[in-house]
Amino acid sequence: MIYQQSNSGGNVMSLSVYFQVGTDPDQATIDVNNRVQSALAKLPEEVRRQGVKVEKKSSDILQVVTLFSPDGSRDPVYISNYALINVIDELKRLPGSATPASSVRKTIRCVSGCARTSWPSST
């Protein structure tokens, strides 16, 4: 393990554990699960009742998929909802895929002589 980072908000706490490059991810998952199991007895009953989930993730991006409305008839919220309802769950079912991320982007199209520009949405 190189280091760990924790975040919490509401009723959720997330602890990310980072390992050196070249570490066997399966062995690292086993090691983390063993540590979690040894700490469960010390956690409050409410936490144990809700459960603790350990996920193996990689920060590598394998592919980026962009959805857009070529004629501009669909706004970013519509496209985002479409992706959440119809695309994200299908991607999660693919073997070897982690949790797909969804990001809404707005696009400005210029009539002539300028490039297309996009930026992350604040919504």
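I take a contact to mean heavy atoms within 4.5 Å. I started with contacts in the chain between residues at least 6 apart in sequence: 15% of them join residues at least 24 apart.

**Ground rules.** This is a predicted model, in which local features need pLDDT of at least 70, side-chain atom pairs count only at pLDDT 80 or more, and totals for chains, interfaces and linings use all residues. Residues are numbered from 1 along each chain as its sequence is written, and side-chain values use heavy atoms, with hydrogens and water left out.

**Confidence.** I looked up pLDDT, the predictor's confidence in each residue, from 0 to 100. Its mean over the chain is 75, and 74% of the residues reach 70 or more. Among the elements, helix 1 (residues 25–40) has the highest mean, 88. Strand 4 (residues 117–120) has the lowest, 42. Over residues 104–123 pLDDT stays under 50. For that stretch the model has 24 contacts beyond four places in sequence.

**Elements.** I took helices (H or I, at least four residues) and strands (E, at least two) as DSSP runs, numbered from the N terminus. I found three helices and four strands. Their order from the N terminus is β-β-α-α-α-β-β.

**Surface.** I used accessible areas from the Shrake-Rupley method with a 1.4 Å probe; for residues, only the protein chains shown count as cover. The chain exposes about 10,700 Å² of accessible surface, and 52% of this belongs to carbon and sulfur atoms. Buried means under 20% relative accessible area, exposed over 50%, partly exposed in between (1.4 Å probe, protein chains only). Of the 123 residues, 7% count as buried.

Strands pair if DSSP finds at least two bridges between them. Strand 1 (residues 3–9) and strand 2 (residues 12–18) run antiparallel, joined by seven bridges. Ser 6 stands opposite Leu 15 in strand 2. Two residues lie between the strands of this hairpin. In the turn, Gly 10 has a positive phi of about 65°.

**Rings.** I counted rings of Phe, Tyr and Trp (its six-membered ring) as a pair if their centres lie within 6.5 Å; planes under 30 degrees apart are stacked, over 60 edge-to-face, the rest tilted. The structure holds one aromatic pair. Why is the pair of Tyr 3 and Tyr 18 stacked? Their planes are at 20°, with the ring centres 4.5 Å apart, so the pair is stacked. Tyr 3 lies in strand 1 and Tyr 18 in strand 2, so the pair ties together parts 15 residues apart in sequence. Tyr 3 is partly exposed at 42% relative accessibility. Tyr 18 is partly exposed too, at 32%.
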